[in-house]
Amino acid sequence: MAGITSYGAYIPLHRLPRTQIAAAWGVPPQGGEKAVRNFDEDSITMATTAAIDCLNGIDRSTIDGLYFATTTSPYTERQGSTIIASALDLRSDIRTADFSNSLRCGMEAVAAAMDAINAGAANSIMVTVADTRIGAAQGDFEQSFGDGAAALLLGKDNVIATMEGSYTMTAPIMDRWRAAGDTFVRAWEDRWTLDEGYTKMLPQAAAGVLKKLNLEPKDLAKAAYYGPNGRRHGALARRLGLDAEQVQDCLFDTVGDTGAAQSLMILVAALEEAKAGDKILCVGYGNGADAFVVQVTDAIEKVRDRRGIKQHLAAKRPIPSFEKYLRWRELVTLEAAARPERIPTSVSALWRDTMSVLPLYGSKCKACGTQQYPPQRVCIICKEKDQMESVRLSDKKATIFTFTHDNLAASADPPNTVTVVDFDGGGRGIFNMTDREPEEVQVGQKVEMTFRKLYVDRGLHNYYWKTMPAIG
Amino acid sequence: MAGSIKDRVAIVGMGCTKFGENWEMSADDMLVEAAYEAYEDAGIEPKDIEAVWYGTCWSGETGGPLAGALKLQYRPITRVENACATASDALRNAAYAVAAGVCDIALAIGVEKLKDSGFSGLGSAGGIMTSGVRPNTTAPGNFAMMATKYFSRYGLSPDEGKRMIGMVSVKSHHNGTLNPRAHFQREVSLDTVLKAPIIAWPLGLFDCCGVSDGSAAAILVRAEDAKKFRPDPVRIKALRMSVGNEGLIRSDYDFTHVESTYQAGLRAYEEAEVKNPREEIGMAEVHDCFSITEAVTMEDLQFSPRGKVKEDIESGFFNLDGGLPVQPDGGLKCFGHPIGASGLRMIYEMYKQLQGKAGPRQIKNPKLGLTHNLGGGPPACTIFVGIFGE
């Protein structure tokens, strides 16, 4: 039986305590903290990082599709899933699709992937989901929304959790919405949206799948379901007929409401703790609700080496200030740096360089074995011409050879840290460094590559790799 | 030595504007100032100029602006661009034309007007459109990475390292106080240097040269004709360029030296028949865009052993009264760096020193002067090394 074959997750490094937001506007705090993406992260980069976590130890050439789900795609006309698939170095003859416009789009992507697999159209499809929604200042959403991502690999072979069944219901309810061009999420009155929407529909879908499978709530090891806040999430347990220990924490106090990503992030957290035989219910909510039940197999022990939710929760750093949060979200207008304007990006040059930019390919000389980046025609060492083979560097660790913290160069997180690194296995490159404490950066430090957004130029979101302190 | 330029060409006149924030002068105005000082110094008229090598990075395209400013119409004018080594390369090309006998009197001139950009740093990075993924480094950032590595490789704590390079700037600022054409003419203490704001760690404000406007010019003739123009011409002993671009690709590049400088130096010493640079070179004007650049250049030019420049800096070996005075005019540190003009400004100081006309900065009988001009940034550098003598 087909199902989940691997999982991964991503939570950005920085956290903002909700008391800090509340203090800024003189409103009551919601408690806990929320995960905040860095200025160089968005839904595409976070979804990519979660997918990389999910792909640990898996042959990337076996993936037949990449579905990207988000309500915060940087593009309305350009497919995010193609960018992610290229960054992941997946094959080009694969299905790609973006799922959007609903908080349950991640659940819909899982359903679509399962349908394709069960129909025999694909053996293995990656679903990666991320969101980074913004609430307007002093409102509830400003405190409740957090950023994060999850990834599930679905397929027929080496299944770690079989897909037992699913249930879906759709409803054109307008409880929360963003019209095209809106920055902030709008909502109807809180009590109505939660009573008539969330509290009614999510249990309806949960009951639907359980009935279909002839299961009782007591048969579930865990229930991983969406929660707009901790209180409402907890209150729903009774309605679902669940005991407290069956309810998987919805990450509200540690990460926040991560929108489309949330139900699958909670599922990943449940899978991290699950043992063979466990039945897990997953329910997502948004303009209706989607539910599915998986049953964990013995094979889950083979995919334990994931950062997942647990490691990402543990690795955290407070964002230096609420003002920095506003800056990273581009919610304040800053005095322009007295620096020359950036040279416009050439889209044709970027396309020509796709392999060296997105999957970060270097070249390896077949004559002398030297790896070099960016790819060269003539070998820098033995000078042989056109004797190169490609080598992927994005999954290699590297060592800082030298660095600087540049206060003159423009950055939303100054100083602009630049590193020259040598990759394990050979090859040298120069990259910006992110998610670092400047005073901790050292020559000889081990780093890994992370997929980030460099800047936006006339609507072109330019993605590339940066270095960050190596984890583990 | 086949193809050597040694003793075949001489400089018989030079001019140099005041360097600084020349708000009142355009690039044209500065070209006129530098060229007419050089004409007068050589005792020639504008009509005597047969060909021009005109260096500028961002202040003019083609030879046209030069012809317009100096009214040198319908002559061969080559616009030279080689980043920060532009002006030296203009002189190099002019010298080869004179040596080839295709002209009797050539003008090499460089100019840059940087202070019309509205920025306090370099105003423009030029405009080749690319995929745009290379890190947005700045010039200080690129050279700072040499300092980071130099400190690490030779076991200097950040404090020790910053003191070492800080003393380079203190020395140059002292020399600048003796030069009325310098942009900055005041002493700075090591304490001031060390406490200055960080521009690109570990480089602080005083580790960086200024940004300024300026122009400088040289008149070149064949060596055998030089005495017809003046009794004390300065002869070219060596002109060497070395261009490299591999250090960001090769993992064996150490980031504590500039290979192009070392290579250009080797060839220049061979051409000038210099056996022991530390002993034979009487003064040097090198490309001190940043204090660390000057420090590693001392090692690349074989003035100091590898990893040992700290001893020479601390002993005052490169001070005006030391064994090998470096930046007697104050260097880029005090003149700032109008990109297309700096190479000829260095040669101007060397020329005046060899003629004994450097006033309060005069070095006793320097005999051989060296100039070193660096274009680009580590580790992809375009290097000029020239050696000049009587």
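The model is a predicted one, so to speak of local features takes a pLDDT of at least 70 and side-chain atom pairs count only at pLDDT 80 or more, while totals for chains, interfaces and linings use all residues. Residues are numbered from 1 along each chain as its sequence is written, chains are lettered from A and ligands numbered from 1 in the order in which they are written, and side-chain values use heavy atoms, with hydrogens and water left out.

Back to α7(A), which spans residues 230-240: its buried members are A:Arg232, A:His233, A:Leu236, A:Ala237 and A:Leu240. Buried stands for under 20% relative accessible area, exposed for over 50%, and partly exposed for anything in between (1.4 Å probe, protein chains only). Looking down the axis of α7(A), the buried residues fall within an arc of 160°, so they line one face of the helix; the arc is taken from the directions from the helix axis to the C-beta atoms. On the face turned away from that buried side sit the exposed A:Arg231 and A:Arg238. At the start of the helix, a side-chain oxygen of A:Asn229 comes to within 3.2 Å of the backbone nitrogen of A:Arg231. Just past the other end, A:Gly241 takes a positive phi of about 75°.

Next comes the interface, where 44 residues of chain A are in contact with 40 residues of chain B. The two chains bury about 3,400 Å² between them, 61% of it on carbon and sulfur atoms; buried area is the accessible area (1.4 Å probe) that two parts lose on being put together, summed over both. A trio made up of A:Ile380, A:Arg428 and A:Ile430 supplies 18% of the area that chain A buries against chain B, more than any other three residues. Between chain A and chain B the count is 0 salt bridges, a salt bridge being a side-chain nitrogen of Lys or Arg within 4 Å of a carboxyl oxygen of Asp or Glu.

Over all chains, though, the salt-bridge count comes to 61. One of them joins the side chains of A:Lys200 and A:Glu196 (3.1 Å, N to O), both in α6 of chain A and 4 residues apart, about one turn of the helix. A:Lys200 is partly exposed at 41% relative accessibility, and A:Glu196 is partly exposed at 34%. In chain B, the side chains of B:Asp213 and B:Lys113 meet at 2.8 Å, N to O. B:Asp213 lies in the loop between β6 (203-204) and β7 (214-222) and B:Lys113 in the loop between β4 (106-112) and α4 (139-153) of chain B, so this pair ties together parts that are 100 residues apart in sequence. B:Asp213 is buried, with a relative accessible area of 0%, and B:Lys113 counts as buried at 13%. Another salt bridge links B:Asp191 and B:Lys195 (3.1 Å, N to O). Finally, a network of salt bridges in chain A takes in A:Asp40, A:Glu41, A:Asp435, A:Arg452 and A:Lys466.

Terms used
Helices (H or I, at least four residues) and strands (E, at least two) are DSSP runs, numbered from the N terminus. A polar contact is a pair of N or O atoms within 3.5 Å; within protein, one must be able to donate a hydrogen and the other to accept it, and residues adjacent in sequence count only if both atoms are side-chain atoms. Contact means heavy atoms within 4.5 Å.
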